[in-house]
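Q: Hey, I'm new to this one. Can you walk me through it?

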Amino acid sequence: MPLQAEKGIRNMRADLATQVDLLHADGQRVVVRVSCSSGGVLISALGEAPGAEQAEDRALARLQQRLAKPTAPAPVQKISSQPSLAPVAVEPAPEPASEPTPEPEDWSEELTAVEMELQRLNWDRSKEGQYLQRAFGHSSRSRLVRYGDLVAYLKALRILEPPLEPTAAALPLLRPALLKTSDELLGQLAWGAEEGRAFLVEHFSQTSRQQLSDAQLQEFNQSLQQLLLNAPSPQTA
């Protein structure tokens, strides 16, 4: 049964009223959302902590940081008073070069989404621990210290359909673990960079493991494992 949100109003500034929504609460953590309207725009932030007051304080601090960020004014287009004789083609401005997105410092939204998925699956802490042990080698979510692992965990939960026991649920593909496994397999085969690259070109039409998708990397590892199984025993004369 979904958690019923509790709502309240708290003044942060004289001209702003904030609304506090309790999104989740159990014996270990509380998640709240604080929102307010500034200039006709609704702005919100999440906070997570062992207690309700701490969670609200964290959410308020994040909200204040967002309110403090200045917003750039929209560009004003000047309209000439003289009629134009012919339409002028305007070239679009070049898009800025994309840069790798850094890991966010605030993971509250992802953690809240995980809580919602666990409620949908009707998994308690014990069942979540069983799944985490199978997927990550430990039974506590607090030990997911990499943002990529948390996102992989959330994606894996979203594709699961209840009713489902954690011992039978599909596990997420973890790229670092897949790369580590392939390193170990390449070492057991005594392959260097040239042998590995030749195998990739022949079977995947790629020159680097980084060019493979997670599913292809898993298939690559399975192929290496098959080669090891078919390799002659070193004791054979």
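Q: What is Glu 110 in contact with, leaving aside neighbours within four places in sequence?
A: Glu 110 is in contact with Tyr 147, Leu 150 and Leu 154, where contact means heavy atoms within 4.5 Å. This is a predicted model, where local features need pLDDT of at least 70, side-chain atom pairs count only at pLDDT 80 or more, and totals for chains, interfaces and linings use all residues. Residues are numbered from 1 along each chain as its sequence is written, and side-chain values use heavy atoms, with hydrogens and water left out.

Q: Where does Glu 110 lie?
A: In helix 2. Helices are DSSP runs of H or I with at least four residues, numbered from the N terminus.

Q: Which side chain of opposite charge is nearest to Glu 110?
A: Arg 158, and that one is 8.1 Å away. Glu 110 is buried yet has no salt bridge. Buried means under 20% relative accessible area, exposed over 50%, and partly exposed in between, with a 1.4 Å probe and protein chains only. A salt bridge is a side-chain nitrogen of Lys or Arg within 4 Å of a carboxyl oxygen of Asp or Glu. For charge, Lys and Arg count as positive and Asp and Glu as negative; His and the chain ends are not counted.

Q: How many residues of helix 2 are buried?
A: 10 of its 14, so helix 2 is mostly covered. Among the buried ones are Leu 111, Val 114, Leu 118 and Leu 121.

Q: And what follows helix 2?
A: Asn 122, whose phi is positive, near 60 degrees.

Q: Switching topic: how many residues does the largest nonpolar core have?
A: It has 22 residues, and those with the most contacts inside it include Val 114, Trp 123 and Tyr 131. A nonpolar core is a set of buried Ala, Val, Leu, Ile, Met, Phe, Trp, Tyr and Cys residues joined through side-chain atoms within 4.5 Å.

Q: Which elements give two or more residues to this core?
A: Helix 2, helix 3 and helix 4. The largest share, 7 residues, comes from helix 4.

Q: What does Trp 123 touch, not counting residues up to four places away in sequence?
A: Its partners include Leu 118, Tyr 131, Leu 157 and Pro 166.

Q: Last one: where does Ser 208 lie?
A: In the loop between helix 6 and helix 7. Ser 208 counts as partly exposed because its relative accessibility is 25%.
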